[in-house]
Amino acid sequence: MLCEILETRTGADKSDRRLQNVRKENSADSLPRDCSSTKGLRENRLWLKARPCAIPSFFTRASEFLNNLDLENLQVVPLLKYHLTPWNSHGLKFLNPFKTFDKANMAPIVYQQLFADHRDLYHNFIPVFTDGSRSSSSTSFACVFINSTLSFQLHSSCSIFTAEITAILHALYQISNSPPDNYIIYSDSFSALESMTSLHRFSHTLTFNILELHDRLECRGFSVLLCWVPSHVGISGNEHADNLAKSATDSINCPVPLSDIKKYVKIKLHSNWQSQWNLKEANKLHSIKHLITCWPSLPNRKLDTVLTRLRIGHTRFTHRHLLLGETAPLCTACQCQMTVLHILIECRQLNNQRIRCFHSSCITLRDILHKDHHPQLFTFLRMIGFYSLI
């Protein structure tokens with residue numbers, strides 16, 4: 001069907017051989033292979049200057065992007081080897097006087113009364129409240145003592161989990177500067193407290209620092225307990241720590257876990273990539289794929305290749321003339337250049353086939369080439385004779 005409305009499609013095998021010869025000739029113009037040596041890097045730069053339209057290597061583009069993230073002075077938490085004996089338990093237990101209550105079905109006044117009863121039971125322990133906060137632009141933490149408070153901003157790459165752990169660690173640092181006494185640290189991060197109950201080699205790096213400092217304090221005569229409190233139920237100390245963490249303005253140069261940095265760079269890179277992609281409205285793929293996400297591959301390699309070429313709008317049939325110096329293929333019925341858009345969507349001569357396969361003649365590329373492609377797509381391609389030309 002498709003061949004009947006084409007003006008040129010003779011000598012296909014001969015053109016295929018010519019196309020292979022063109023590819024062999026162009027391979028001599030490729031980027032210098034030895035880019036690891038000084039000579040190779042110099043040749044690479046000269047090659048880019050000679051061909052300004054060439055896309056820089058991924059390393060070049062990534063290094064420029066990383067320089068804009070201001071990571072040069074960032075300290076990374078050292079990966080220390082902790083010898084954890086398997087026959088001993090390693091970790092800190094925490095109190096949870098609210099474990100039998102469901103926050104979603106309980107009034108805040110109930111939690112306030114439970115906390116008051118808890119404080120009566122531990123009245124000889126000095127309370128310390130900690131909290132972490134994270135917004136789109138900053139990460140911070142705060143510690144509230146009876147007579148003092150502290151709050152700091154961390155590097156924006158820090159996760160909320162790191163902020164909660166750092167708050168507990170700094171509370172212990174402040175306690176270590178005081179005379180030995182009984183202390184109880186309250187945190188509303190259940191995940192942070194639970195991560196310290198059983199440490200292993202994959203635990204957050206700062207939790208080992210907390211365990212080490214806690215053990216040193218116990219050796220000096222301190223008694224330090226940890227306790228979970230629910231957030232936003234009107235417990236005054238927790239509310240104060242929450243407000244201080246959100247309003248922190250002073251920065252502190254604390255080491256950042258490597259896992260946080262990797263995630264931060266990945267998020268920033270993806271955001272930058274998406275911003276650039278949003279500007280590519282003229283790109284053929286942009287009309288089909290607006291968001292940069294991973295789409296599943298088809299189990300059949302041949303079908304996956306055909307689908308990918310249709311999505312990017314580049315096929316053997318529609319673009320081979322650019323390499324062979326020939327005229328672009330024309331649709332004799334519509335008197336316009338053959339493109340993927342025209343063949344799949346616009347050509348009036350193929351409306352009957354579209355109705356049979358897609359049950360409509362008014363469809364878009366996004367309808368049939370999106371993440372979950374139309375189940376009758378390949379049937380339609382074979383029906384019009386386009387499948388073997390892609």
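Here is the tour, starting with a sheet and ending in some loops.

Before you click, note that this is a predicted model, where local features need pLDDT of at least 70, side-chain atom pairs count only at pLDDT 80 or more, and totals for chains, interfaces and linings use all residues. Residues are numbered from 1 along each chain as its sequence is written, and side-chain values use heavy atoms, with hydrogens and water left out.

**Stop one: the sheet**

Helix and strand names come from DSSP runs (H or I of at least four residues for helices, E of at least two for strands), numbered from the N terminus. Color the strands and you'll find an open sheet of five, ordered β3-β2-β1-β4-β5, with mixed pairing. Here, two strands pair if DSSP finds at least two bridges between them. Select β3 (149-154) and β5 (223-228): these are the edge strands, each with a single partner, so one side of each has no neighbour in the sheet. On average, neighbouring strands are turned by 20° against each other, direction ignored.

**Stop two: strand β1**

Now pick residues 126-134, which make up β1. Is β1 largely enclosed or left open? Seven of its nine residues are buried, so the rest of the structure largely encloses β1; buried means under 20% relative accessible area, exposed means over 50%, and partly exposed is in between (1.4 Å probe, protein chains only).

A hairpin of four residues links β1 to β2. Zoom in on Ser133 to see its bridge partner in β2, Ser140. Ile126 stands opposite Tyr183 in β4.

**Stop three: two helices**

Next, select α5, residues 160-176. Axes are lines fitted to C-alpha atoms, for helices over the stretch in contact, and angles run from 0 to 180 degrees between N-to-C directions.

Bring in α7 (residues 205-219), which packs against α5 at about 20°, with the axes 10 Å apart. That makes the two helices roughly parallel, a label for angles under 35 degrees. Show side chains where they meet (contact means heavy atoms within 4.5 Å): Ile165, Leu169 and Leu172 are among the α5 residues there, and Ile210 and Leu213 are among those from α7. By class, this contact has 10 nonpolar, five polar and no charged residues. Nonpolar covers Ala, Val, Leu, Ile, Met, Phe, Trp, Tyr, Cys and Pro; charged covers Asp, Glu, Lys and Arg; the others, Gly among them, are polar.

**Stop four: positive phi**

Most residues other than glycine have a negative phi, and most peptide bonds are trans. Now click His232, not a glycine, yet with a positive phi of about 60°. His232 sits in the loop between β5 and α8 (236-246). Gln335, also no glycine, has a positive phi near 55°. Find Gln335 in the loop between β6 (330-331) and β7 (336-337); this residue is exposed, with a relative accessible area of 63%.

Notes. Parallel < 35°, antiparallel > 145°, perpendicular 65-115°, else oblique.
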